[in-house]
Amino acid sequence: MAVLSLTNAHLAFGHVALLDGAGFSLEVGERVGLIGRNGTGKSSLLKILAGLEKLDDGLLQQQQGLTNVYVPQEPELRGDATIFDVISEGVAEHKALRERYEIHDENDDLAWVQERIEHIGAWNWEQRVEETLHRLGLDGARLISTLSGGLKKRVALGRALVAQPDVLLLDEPTNHLDLDAITWLEGLLNDFKGSLLLITHDRAFLDNVANRIVELDRGQLRGYPGNYAAFQAAKAYELENEALFNARFDKLLAQEEVWIRKGVEARRTRSVARIQRLEVMRQAHAARRDVQGKVRLDIDTGGASGKIVAELEDVSKSYGDRAIVRGFTSTILRGDKVGLIGPNGAGKTTLLKMILGELPPDSGSVRLGSKMTVAYFDQMRDTLNLDATLADTISPGSEWIEIGNQKKHVKSYLGDFLFSPARANSPVRTLSGGERNRLLLARLFARPANVLVLDEPTNDLDIETLELLEELLAEYDGTVFLVSHDRRFLDNVVTSTIVYEGEARWREYEGSVQDWLTQSKRAAALQAQAAPKPAAAPTPPPAPEPALVVANKRKLSYKEQRELEDIPKQIAALEAEQKQLNALLAGGELYTQGSARIAEVTDRAADIDAELLTLMERWEALEAK
């Protein structure tokens with residue numbers, strides 16, 4: 001049953017139709033991920049569903065008595081208030097009703113007030129706030145003005161959750177959150193009992209949270225059952241069919257246009273119905289909104305840097321009594337793509353500045369390579385002049401720009417990043433957050449650099465641009481330092497990770513984020529096995545012969561031996577099934593079999609991943625014996 005729905009919705013911004021007769025419904029208990037290109041109207045749609053903006057035309061319906069809470073990308077919080085006060089705003093009605101009851105105003109209908117208090121559970125609103133604070137790991141006495149961006153986002157989520165709404169509307173909830181906080185948020189949303197609609201470009205987050213994907217594409221809302229992985233397969237098949245249909249349509253239209261232009265002698269015999277059909281085809285072609293072009297990314301590395309980019313030996317750094325880096329050693333070579341991972345405030349930027357020689361260590365040594373040309377992507381976008389035009393931002397004082405050996409007009413170059421020529425002279429302040437990020441990328445790639453420093457480049461970028469950026473960085477010959485909390489993006493780009501492990505200790509791991517997680521989990525398990533166990537009795541038994549100790553330690557029980565022999569067969573069977581399911585998801589036939597079948601295949605594919613991981617861990621444990 002739908003808790004809210006849109007019918008024949010229309011919304012335009014200037015001459016661009018953001019919603020063009022779109023329809024949408026949100027069912028009870030659904031967790032829907034809303035995706036689409038930057039500037040297509042996703043945030044506007046969320047505000048319409050929250051009642052903050054109006055449609056130009058169309059119908060918005062919702063269940064009677066429905067409560068919904070909207071959390072924007074950048075929530076507004078009172079800086080002089082405490083965390084407790086701000087989260088209490090989510091139960092404002094509860095507080096007001098209880099105050100009315102306690103004041104005993106003679107004009108009040110106390111019977112109704114008491115009934116309403118009991119209905120919404122307002123007697124114990126303080127306990128509800130305290131439970132939410134505990135669940136979110138927040139100190140209610142702290143002032144909002146002292147919080148980081150990630151903690152402010154957590155407070156805004158707490159204010160929404162304490163209200164226990166029927167519908168939760170979230171716009172980019174993972175922005176400013178570190179990996180641990182994102183994992184925490186996934187669990188929180190999966191436990192949420194109401195309906196959820198969220199905008200995010202974090203593909204791993206979508207896979208772990210959403211059970212339906214809705215894409216806003218060319219003014220229409222199209223739903224796809226399952227998570228983001230299922231959506232990708234379905235969308236590829238859909239676009240392929242659309243391209244075939246449009247190609248056939250265009251070919252037929254071209255043939256009809258040739259026919260209508262034949263000589264005067266043929267006019268008497270023309271079919272009136274055929275002429276009318278041609279007019280309809282012309283109108284359909286004019287109204288068609290083709291798939292928007294893709295961003296074209298390219299970068300000039302300039303001259304190559306030296307083989308060694310940076311060599312750090314036992315470096316440490318502190319600010320006052322607080323240690324940021326302690327005893328870190330690493331060698332960064334040309335072509336390395338390094339991901340820096342750690343909670344907000346751990347010191348990723350400080351470590352990065354030491355690696356690049358911009359900040360001297362308190363102790364230890366840093367040796368920099370030669371011929372380094374560094375380009376920065378600034379997370380906070382402070383380097384953009386909001387009053388400058390897009391063209392001046394890319395190429396100040398000139399209409400031309402050189403990329404490698406190629407000379408391009410600045411409007412053509414902006415077009416590669418999906419900015420129309422008409423917008424080249426618009427000020428930067430007219431751009432959305434995602435468009436500003438795209439402009440920063442355009443400026444970054446316009447300058448030759450053999451070392452790229454990207455600080456949270458994924459914030460506000462649409463998924464398609466993220467995937468193209470991944471391809472570019474994977475093929476880039478220079479060195480990349482990447483600070484990001486987007487797990488999928490890191491996995492697809494980095495060749496090693498530098499990870500914060502607490503108490504100012506940083507450690508380098510080869511491979512991606514998943515490799516780091518696997519290695520750190522294995523190290524923790526080995527450390528736990530190696531930890532000394534308390535003696536069972538005060539007097540230990542006599543030590544056996546060393547050879548017998550080894551023999552006894554390595555001997556498996558009959559049941560364990562059989563289990564060890566069976567695990568490879570189970571893994572092979574699961575991998576075979578996984579291959580079949582992946583072929584189904586990648587093909588088109590599955591998406592003609594209904595949503596139930598698609599959900600069944602998607603869920604089974606996820607289950608197989610979990611079963612394979614469990615078997616691998618059990619196999620490793622038995623082998624260790």
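This is a predicted model: local features need pLDDT of at least 70, side-chain atom pairs count only at pLDDT 80 or more; totals for chains, interfaces and linings use all residues.
## A tour from surface to cavity

Switch to cartoon. The chain holds 20 helices and 20 strands. Now colour by burial. Of the 625 residues in the chain, 43% are buried.

Next, look at contacts. Take those between residues at least 6 apart in sequence: 68% of them join residues at least 24 apart.

Select residues 463–475. This is helix 15, with 13 residues. From first C-alpha to last, helix 15 reaches 19 Å, close to the 18 Å expected at 1.5 Å a residue. Show its side chains.

Now go inside. Rolling a probe the size of a water molecule over the atoms shows where empty space is left. How many cavities of 30 Å³ or more are there? The count comes to 1. The largest cavity has a volume of about 140 Å³.

To find it, select Thr174, Asn175, Asp202, Thr458 and Asn459. Among the 16 residues that line the largest cavity, these lie nearest its centre. Then colour the lining by class. What does the lining of the largest cavity contain, by class? It has 8 polar, 5 charged and 3 nonpolar residues.

How values were computed. Residues are numbered from 1 along each chain as its sequence is written. Side-chain values use heavy atoms; hydrogens and water are left out. On a 1 Å grid over the protein atoms alone, a cavity is a set of points where a 1.4 Å probe fits but cannot get out, and a pocket is an open set with protein on both sides within 12 Å along at least five of seven lines; lining residues have an atom within 4 Å of a point. Grid points are joined across faces, edges and corners, and a volume is the space filled by probe spheres set on the points. Ala, Val, Leu, Ile, Met, Phe, Trp, Tyr, Cys and Pro count as nonpolar, Asp, Glu, Lys and Arg as charged, and the others, Gly among them, as polar. Helices (H or I, at least four residues) and strands (E, at least two) are DSSP runs, numbered from the N terminus. Buried means under 20% relative accessible area, exposed over 50%, partly exposed in between (1.4 Å probe, protein chains only). Contact means heavy atoms within 4.5 Å. The expected span of a helix is 1.5 Å times one less than its number of residues.
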